[in-house]
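These notebook entries record what I looked up, in the order in which I turned to each topic.

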Amino acid sequence: MPRRGASLVALFAGLAGCWGRPPVVWRASKVVTRVMPVVAGRTLDAHFARPETPEEILRLNPGIASADKLEDLPDGSTLWLGRSAPIAFGSGVSVTSRMKFKVVHRPPEMLLEVLEVSQEATGPAIFTALIEKMLPKVSSRTSMRQSGDSLTSDAYLELELPIPAWLPVPRGQLEKAGPPILERQLDTDLNSLFDNLCASWS
């Protein structure tokens, strides 16, 4: 590696290590209810109770690019491995998330809870060390309940963000800015999921 490139890597690695502030935690929740289309030959409760419903909902979830079932658990729940689509950060850097989650399908309810999240940054080495240090810890769970001809989804998302000492943004400002962003994202994701379900089930 040329001397200048090596110096840049050392610089970014040093910046990545300058974490002297407690993390900022963002929390948000969102509830969305949607009247679902009548499924030909089925009531909504019978359609929601099908064994294939969890896989169908995962496949139509806009935040999950792919999902593979890992195993059936003794309590009747299932473990899944999901992958997000790569998120571009510019300068050739992208981040992909792998999520291990548990699905409990007991009609008229379904619960999806994220158990583990691992994130990987790819791209130029001078940026990926810094990006990986700044990736948040993620906690997430989403429930869905069928009642009559409606589905209600209740989602909760929590991000714990490491804050570098050199970031010139007041902590209070960071804490205040995050939750509305997460709530808007949850609203977008839940409504997109319901749009996909309506299109698939009609």
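**Entry 1. Asp75 and its partner.** I began with Asp75, which is partly exposed at a relative accessible area of 40%. The model is a predicted one, and every value I note is computed from it. Asp75 forms a salt bridge with Lys102, and the closest N and O atoms are 3.4 Å apart. I then looked up where the two residues sit. Lys102 belongs to strand β5 (residues 93-106), whereas Asp75 lies in the loop between β2 (66-72) and β3; the pair links distant parts of the chain, 27 residues apart. Lys102 is partly exposed as well, with a relative accessible area of 24%.

Entry 2. Which side chain meets that of Glu183 in a salt bridge? I found that of Lys30, at 4.0 Å from N to O.

Lys30 has a relative accessible area of 22% and is partly exposed. Glu183 counts as partly exposed at 36%, and Asp187 is partly exposed at 28%.

**Entry 3. Salt bridges as a set.** I looked up the count of salt bridges, which comes to 11. I also recorded a network of salt bridges that links Arg50, Glu52, Glu56 and Arg59.

**Entry 4. Ser84.** Is Ser84 buried or exposed? Its relative accessible area is 12%, and the cut-off for buried is under 20%, so Ser84 is buried. Ser84 lies in the loop between β3 and β4 (87-90). I then listed its contacts, leaving aside neighbours within four places in sequence: Gly63, Ala65, Thr96, Ser97 and Met99.

**Entry 5. The chain as a whole.** How many helices and strands does the protein chain have? I noted 5 helices and 8 strands. From the N terminus on, the elements follow the order α-β-α-α-β-β-β-β-β-α-β-β-α. The protein chain has 202 residues, of which 35% count as buried. I looked up the accessible surface too: it comes to about 11300 Å² for the protein chain, and 55% of this belongs to carbon and sulfur atoms. Among contacts between residues at least 6 apart in sequence, 63% join residues at least 24 apart.

**Entry 6. Confidence.** The protein chain has an average pLDDT of 84, and 87% of the residues score at least 70. Where is confidence lowest, and where is it highest? The lowest mean, 39, belongs to helix α1 (residues 3-16), and the highest, 96, to strand β3 (residues 78-83). Over residues 1-18 the pLDDT stays under 50, and for this stretch the model has 17 contacts beyond four places in sequence.

How values were computed:
Residues are numbered from 1 along each chain as its sequence is written. This is a predicted model: local features need pLDDT of at least 70, side-chain atom pairs count only at pLDDT 80 or more; totals for chains, interfaces and linings use all residues. Side-chain values use heavy atoms; hydrogens and water are left out. pLDDT is the predictor's confidence in each residue, from 0 to 100. Helices (H or I, at least four residues) and strands (E, at least two) are DSSP runs, numbered from the N terminus. Contact means heavy atoms within 4.5 Å. Buried means under 20% relative accessible area, exposed over 50%, partly exposed in between (1.4 Å probe, protein chains only). Accessible areas come from the Shrake-Rupley method with a 1.4 Å probe; for residues, only the protein chains shown count as cover.
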